[in-house]
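Come and read along with me.

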Amino acid sequence: MINAPHQNQTVGEGSNITVSIERPDFQSSSQEVAVVIALQPCRPTCFAGQSLGKILYNGPYTPTVHSGNTQPYQNFTVQVTPGLMGYAALTVTHVALIGAGPIAWMEEQNVTLYVL
């Protein structure tokens, strides 16, 4: 789901980065609800699921198909938390409604970044 940034990528503190989120392939119809992008310092290590940390984006998710790609995705520009240094977990939480019922569906994925 997270196409960018990549695992262990170095980013500048306070800088703007692009978070590219690819929509998974659902077997039935789906309706997007939202995504949340957050950044949590790793002290001393990164543990996914402890806390989201600072919310960088919380809102609509409207992925589209772009030329050369088969899966729809959307790019978000967010600012790395000023003053944050060292390893940090970037977490994306994705919520959708699936099927005719529908049922609520959620996935969470993270990548570790190194902030300079």
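Here are my entries, starting with how to read the model.

**Ground rules.** I am working with a predicted model, where local features need pLDDT of at least 70, side-chain atom pairs count only at pLDDT 80 or more, and totals for chains, interfaces and linings use all residues. Residues are numbered from 1 along each chain as its sequence is written, and side-chain values use heavy atoms, with hydrogens and water left out.

**Entry 1: the sheet.** I looked up strands, which are DSSP runs of E with at least two residues, numbered from the N terminus. Two strands pair if DSSP finds at least two bridges between them. Strand 1 (residues 2–4) is antiparallel to strand 3 (residues 16–22), with 2 bridges. Strand 3 also runs antiparallel to strand 6 (residues 73–79), and 7 bridges join them. I then followed Ile 21: its bridge partner is Ile 2, and it stands opposite Gln 74 in strand 6.

Together, 3 strands make an open antiparallel sheet in the order 1-3-6. Which strands stand at the edges? They are strand 1 and strand 6; each has a single partner strand, so one side of each has no neighbour in the sheet.

**Entry 2: Thr 93.** I found Thr 93 in strand 7 (residues 86–98). Is Thr 93 buried or exposed? Thr 93 is buried (under 20% relative accessible area; exposed is over 50%, partly exposed in between, with a 1.4 Å probe and protein chains only), at 9%. Not counting residues up to four places away in sequence, Thr 93 touches (heavy atoms within 4.5 Å) several residues, among them Ala 34, Leu 52 and Met 106.

Definitions and conventions. Helix = DSSP H or I, 4+ residues; strand = E, 2+ residues; numbered from the N terminus.
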